[in-house]
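Please follow the account below alongside the sequence and the coordinates.

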Amino acid sequence: MQTLILVCDMQAIHAKSMHHLLKEALDGVQLQAPNIPFVVVDLGCSCGINTINVVDLIIKHIIKRYEALGLDPPEFSAFFSDLPSNDFNTLFQLLPPLANYGVSMEECLAANNHRSYFAAGVPGSFYRRLFPARFIDVFHSAFSLHWLSQVINSR
């Protein structure tokens with residue numbers, strides 16, 4: 001158990017050191033009309049808090065971009081994807097409760113103990129298509145390359 005905690009802590013430290021790069025990449029994401037939900041996917045999510053923290057960061061940064069344009073942010077969905085053997089139950093138990101329906105986005109963001117997005121798990125391998133075309137706005141993946149089970153020929 002101690003080793004697992006140490007690995008999660010090391011991943012969190014590394015993820016934090018990359019936040020500026022992630023935000024820079026997010027600044028290049030095309031924003032849709034506020035009436036169209038914004039969809040984020042974490043590929044290879046595993047079952048720890050680090051994936052939730054990254055998704056929170058992505059969504060909060062995108063919300064700030066909408067607000068900077070004077071627009072109301074859209075609704076957000078986050079899909080956590082990993083192999084079917086992943087412990088999605090543990091992951092979902094770590095999710096903060098969904099903010100009450102009808103609460104403003106500002107209230108949602110101010111309440112650190114609530115999330116401002118709908119969450120779902122998508123079991124499957126990212127060697128195959130997991131989502132419909134033009135459905136996802138942002139894909140994120142970290143710490144999954146060392147788990148690759150196949151070599152993909154890029155030719």
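The expected span of a helix is taken as 1.5 Å times one less than its number of residues. Helices (H or I, at least four residues) and strands (E, at least two) are DSSP runs numbered from the N terminus. The model is predicted, so local features need pLDDT of at least 70 and side-chain atom pairs count only at pLDDT 80 or more, while totals for chains, interfaces and linings use all residues. Residues are numbered from 1 along each chain as its sequence is written, and side-chain values use heavy atoms, without hydrogens and water.

Helix α3 (residues 49-68) comprises 20 residues and reaches 29 Å from its first C-alpha to its last, close to the expected 28 Å. Of these 20 residues, 14 are buried, where buried means under 20% relative accessible area, exposed over 50% and partly exposed in between (1.4 Å probe, protein chains only). After α3 comes G70, with a positive phi near 75 degrees.

A nonpolar core is a set of buried Ala, Val, Leu, Ile, Met, Phe, Trp, Tyr and Cys residues joined through side-chain atoms within 4.5 Å. The largest one has 24 residues, of which F38, I58, I62, F80 and Y117 touch the most other members. Its largest share, nine residues, comes from α3. Apart from this core lies another of seven residues, including V39 and F131.

S125 is in the loop between β3 (118-123) and β4 (138-141); it counts as buried because its relative accessibility is 18%. P97, in the loop between α4 (88-94) and α5 (105-110), is partly exposed, at 47%.
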